[in-house]
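Subject: Structure handover

Hi,

Here is the structure for your files. My notes follow below it.

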Amino acid sequence: MEFCPHGTRLDCERNGILECKKLHFKKILQKHTDESLGDCSFLNTCFHMDTCKYVHYEVDRLSTSEDKPNIPSGPVVRVESTTLYPPQWVQCDLRYLDMTVLGKFAVIMADPPWDIHMELPYGTMSDDEMRQLGIPMLQDEGLIFLWVTGRAMELGRECLKLWGYDRVDEIIWVKTNQLQRIIRTGRTGHWLNHGKEHCLVGMKGNPANLNRGLDSDVIVAEVRATSHKPDEIYGE
């Protein structure tokens, strides 16, 4: 369902819209909530909702249970079926994994544990360990999407070059909260609060059948769990 730009059903009605069919939110008011402080930037992703005094929100279930979105009718389009295989994981220490056992890939999406000199809920790798990763073994030609943040931006560009890639583009993820508002109190950043992340796009060789210019280099999407990147990146 599409989000209502007014946020709550009450605000929607205050703007003269009495039968809005879009998705609304309602405030989560707890004993320690101080409405005069305004909204918490993280809303439903706030790590400290049991103590945070700012206002949080949850989906107004009345919107999803009673209101049905109007789906326009149109011609039926037949799409050629594609076989989807279940995802697979390998739990390992990347520093010592023989990458050749994984085979070759046309596209790589990488979100490495960069050492960004901040306290993180997971282990990180040193700059030299990043440079020595066996990424070159995974592709003869193709694209790599490499997530970087903070001080890792320049290191990420250096790693792409060392791994045999040309940096051809860059995607920016603008982080929003539950109400589709930009997060202005980021969890990262030494000098400024980071409300965005960068994804470097590298290319090796001359891969065929590339779809060019189909999408934007800016993704505006909601923040979820730690390190969970937006699903929209897979549509690029």
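The salt-bridge count comes to 14. A salt bridge here is a side-chain nitrogen of Lys or Arg within 4 Å of a carboxyl oxygen of Asp or Glu. Please note that this is a predicted model, where local features need pLDDT of at least 70, side-chain atom pairs count only at pLDDT 80 or more, and totals for chains, interfaces and linings use all residues. Residues are numbered from 1 along each chain as its sequence is written, and side-chain values use heavy atoms, with hydrogens and water left out.

Some of the salt bridges, one by one.

Asp 60 and Arg 9 pair through their side chains, at 3.7 Å from N to O. The two residues are 51 apart and link distant parts of the chain: Asp 60 is in the loop between strand S3 (56–59) and H2, Arg 9 in helix H1 (residues 9–14). Helices (H or I, at least four residues) and strands (E, at least two) are DSSP runs, numbered from the N terminus. Asp 60 is buried, at a relative accessible area of 11%. Buried means under 20% relative accessible area, exposed over 50%, and partly exposed in between (1.4 Å probe, protein chains only).

Lys 104 pairs with Asp 140, with 3.2 Å between the closest N and O atoms. Asp 140 is exposed, with a relative accessible area of 55%.

Arg 131 and Glu 158 also form a salt bridge, their closest N and O atoms being 2.8 Å apart. Arg 131 belongs to helix H3 and Glu 158 to helix H4, so the pair ties together parts 27 residues apart in sequence. Both count as partly exposed: Arg 131 at 27% relative accessibility, Glu 158 at 34%.

There is also a network of salt bridges. It links Asp 111, Lys 175, Glu 197 and Lys 229.

Next, helix H4.

Which residues of H4 are buried? In this helix (residues 152–162) they are Ala 152, Leu 155, Gly 156, Cys 159 and Leu 160. They lie on the same side of H4, because they cover an arc of only 145° around the axis. That arc is taken from the directions from the helix axis to the C-beta atoms. An α-helix has 3.6 residues a turn, so residues three or four places apart point the same way. Glu 154 and Lys 161 are exposed, on the face of H4 turned away from its buried side. The buried residues pack against helix H3 (127–131) and strands S5 (142–148), S6 (166–176) and S7 (196–204). Contact means heavy atoms within 4.5 Å. After H4 comes Gly 164, with a positive phi near 100°.

Two single residues.

Gln 139 is in the loop between H3 and S5. Is Gln 139 buried or exposed? Gln 139 is buried, with a relative accessible area of 1%. A polar atom of its side chain lies 3.3 Å from the backbone oxygen of Phe 105. Beyond four places in sequence, the contacts of Gln 139 include Lys 104, Val 107, Ile 144, Tyr 165 and Lys 204.

Val 168 is in strand S6. It is partly exposed, with a relative accessible area of 40%. Val 168 and Val 201 are 33 residues apart in sequence, yet their C-alpha atoms are 5.8 Å apart in space.

The chain as a whole.

The chain has four helices and eight strands. From the N terminus on, they run β-α-β-β-α-β-α-β-α-β-β-β. Of its 236 residues, 33% count as buried. Among contacts with a separation of 6 or more, 67% are between residues 24 or more positions apart.

Last, confidence.

pLDDT is the predictor's confidence in each residue, from 0 to 100. The chain has a mean pLDDT of 81, and 83% of its residues reach 70 or more. Confidence is highest in S5, at 95, and lowest in helix H2 (residues 61–66), at a mean of 56. Over residues 64–74 pLDDT stays under 50, and the model has 10 contacts for them beyond four places in sequence. Where pLDDT is low, the predicted coordinates should not be read in detail.

Best wishes

Methods: Polar contact = N/O pair within 3.5 Å; in protein donor to acceptor, adjacent residues only side chain to side chain.
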